[in-house]
Amino acid sequence: MLRYIYANDLHNHPKLARTMFEDRADQFKTRLGWDVDVDANGQERDQYDRLNPLYVIWENADGSHGGSMRFLPTTGPVMVNDVFGHLTGAVISSALIWECTRFCLSRNAASNVAAALMLAGGEIMTGFGIRHFVGVFDARMVRIYRLIGSSPEVLGSEGEGRDKISVGLWEFTPEAKATIARRAGISPELSRLWFDRAFGAGARPQVALSA
């Protein structure tokens, strides 16, 4: 199932949190060879995890992490401005645009988890009145986004081939939601139910710590 959890509440889900940060270390450090910090417990975190981001997490039946993404409003510190601003040539800052980072899948993730996470991103857009997500992605993700049915508008890139890095802008149309829901094998009604259970009716994002 999909979980929506702010960083300040991760302590209520210790197994889910632990396995998420372990899987991030496994994906970004071990498999991809990125220059990221992994602590003595084998978990990967960075400075943006300290800003109370919203995590979308696929929780496996045993309570462990299957996949996740991290969201922050661009009105505060975000990677796309702090690290990759040279790719866009402009600061992206709007209450209607949130950054999505740390797209992570566990080694044993089910085939529908990537699409389920994208579906959850759409629920955040709809529920919080957000117009776009912005994020940095590498070449390997292009095929994944295309298969899911959620390819971004590319704002800027650098590098070639497998080393190519891009900044993309996503929107979420009703047509895209239907396509992604089919890919995920999750009905739109169930997807919305999981979001409403997390936030209730009239949900508002917790942006104070990130602004």
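1. Helix α4 covers residues 113-128 and helix α7 covers residues 188-199; helices (H or I, at least four residues) and strands (E, at least two) are DSSP runs numbered from the N terminus. The two axes come within 10 Å and cross at roughly 60 degrees, which makes α4 oblique to α7. Axes are lines fitted to C-alpha atoms, for helices over the stretch in contact, with angles from 0 to 180 degrees between N-to-C directions. Under 35 degrees is roughly parallel, over 145 roughly antiparallel, 65 to 115 roughly perpendicular, and the rest oblique.

2. On the α4 side, L119, E123, I124, T126, G127 and F128 make the contact with α7 (heavy atoms within 4.5 Å). The α7 side supplies P188, S191, R192, F195 and F199. By class, these residues are six nonpolar, three polar and two charged (Ala, Val, Leu, Ile, Met, Phe, Trp, Tyr, Cys and Pro are nonpolar; Asp, Glu, Lys and Arg charged; the others, Gly among them, polar).

3. Helix α4 also packs against helix α6 (residues 174-184), at an angle of about 145 degrees and with the axes 8 Å apart. This crossing is left-handed. A115, A116, M118, L119 and E123 of α4 meet K177, I180, A181, R183 and A184 of α6. Seven of the contact residues are nonpolar, none is polar and three are charged.

4. A114, A115 and M118 of α4 touch I144, Y145 and I148 of α5. This contact has six nonpolar residues, with no polar and no charged ones.

5. The largest pocket holds about 720 Å³ of space. A pocket is an open set of points on a 1 Å grid over the protein atoms alone where a 1.4 Å probe fits, with protein on both sides within 12 Å along at least five of seven lines; lining residues have an atom within 4 Å of a point. Volume is the space filled by probe spheres set on the points, which are joined across faces, edges and corners. There are 38 lining residues, and W34, M79, T101, R102 and V136 lie nearest the centre. Among the elements giving two or more residues are β3 (65-73), β4 (97-105) and α4. The lining divides into 23 nonpolar, six polar and nine charged residues.

6. What volume has the second largest pocket? About 270 Å³. Of its 20 lining residues, L105, A110, S111, A114 and I144 are closest to the centre. Two or more residues come from each of α1 (14-31), β4, α4 and α5, and α5 gives the most, with six. The classes are eleven nonpolar, four polar and five charged.

7. Residues are numbered from 1 along each chain as its sequence is written, and side-chain values use heavy atoms, leaving out hydrogens and water. In this predicted model, local features need pLDDT of at least 70 and side-chain atom pairs count only at pLDDT 80 or more, while totals for chains, interfaces and linings use all residues.

Methods:
A crossing is left-handed if the near helix is turned anticlockwise from the far one by less than a right angle, and right-handed if clockwise.
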